[in-house]
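I opened the model today and went through its contacts, its core and its charged pairs. My notes follow in the order I looked things up.

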Amino acid sequence: MCVNADGANQETNLPTGDETMANENKTADLRTAMQQLDPTTYQEIRESYYRIADNLKPLADALEKADADQGGDAGPLLDEHFLFLQMYDLLRKSNLGGVV
């Protein structure tokens, strides 16, 4: 059992063999599509991906800390923290990081 960004318990479902194969196919398709891009576009996508990947989690963590530093009840900074944490979770599900 895991706790998601909303604090709710959820079952963790490991991928089956078919799901793993489908994900590998998606990654291969994405890799092929990326290789067909002109070098400038490829580099722009790569750099943009890493700017986001490198900064999304620290932003979520900073929002959480800022909310805690304010004390009292959870406020809008913590709401933003959870939004950016969800974005981070979605980014981790992307196949792009394995391609660029």
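I started with contacts, meaning heavy atoms within 4.5 Å. Of the contacts in the protein chain with a separation of 6 or more, 58% join residues 24 or more positions apart.

I noted the ground rules next. This is a predicted model, where local features need pLDDT of at least 70, side-chain atom pairs count only at pLDDT 80 or more, and totals for chains, interfaces and linings use all residues. Residues are numbered from 1 along each chain as its sequence is written, and side-chain values use heavy atoms, with hydrogens and water left out.

**Layout.** I found 3 helices and 2 strands in the protein chain. Along the sequence the pattern reads β-β-α-α-α. Helices (H or I, at least four residues) and strands (E, at least two) are DSSP runs, numbered from the N terminus.

**Surface.** I looked up the accessible surface, from the Shrake-Rupley method with a 1.4 Å probe; for residues, only the protein chains shown count as cover. The protein chain comes to about 7300 Å². Carbon and sulfur atoms hold 53% of that surface. Buried residues are 17% of the 100 in the protein chain. Buried means under 20% relative accessible area, exposed over 50%, and partly exposed in between (1.4 Å probe, protein chains only).

**Core.** Which residues make up the largest nonpolar core? I listed 7 residues: M34, Y49, L56, L91, L96, V99 and V100. A nonpolar core is a set of buried Ala, Val, Leu, Ile, Met, Phe, Trp, Tyr and Cys residues joined through side-chain atoms within 4.5 Å. In soluble globular proteins, nonpolar side chains tend to be buried together. I then checked L91. Leaving out residues up to four places away in sequence, L91 touches Y49, I52, A53 and L56.

**Aromatic pair.** I searched the whole structure and got 1 aromatic pair. The ring centres of Y49 and Y50 are 5.1 Å apart and the planes stand at 90 degrees, so I logged the pair as edge-to-face. Rings of Phe, Tyr and Trp (its six-membered ring) pair if their centres lie within 6.5 Å; planes under 30 degrees apart are stacked, over 60 edge-to-face, and the rest tilted. Y49 is buried at 13% relative accessible area, whereas Y50 is partly exposed at 28%.

**H81.** Is H81 buried or exposed? H81 is buried, with a relative accessible area of 3%. I placed H81 in helix α3 (residues 76-93). Beyond four places in sequence, H81 touches A60, D61, L63 and E64. A polar atom of the H81 side chain lies 2.7 Å from the backbone oxygen of A60.

**Salt bridges.** I counted 2 salt bridges in the structure. The term means a side-chain nitrogen of Lys or Arg within 4 Å of a carboxyl oxygen of Asp or Glu. K57 and D61 form one (2.9 Å, N to O). Both lie in helix α2 (residues 39-70), 4 residues apart, about one turn of the helix. K57 is partly exposed at 29%, and D61 is partly exposed at 31%. K65 and D69 also meet in a salt bridge (2.8 Å, N to O). K65 and D69 are both in helix α2, 4 residues apart. I marked K65 and D69 as exposed.

**A66.** My last entry is A66, in helix α2. A66 is partly exposed, at 29% relative accessible area. Its C-alpha atom is 7.0 Å from that of L77, 11 residues apart along the chain.

How values were computed: Polar contact = N/O pair within 3.5 Å; in protein donor to acceptor, adjacent residues only side chain to side chain.
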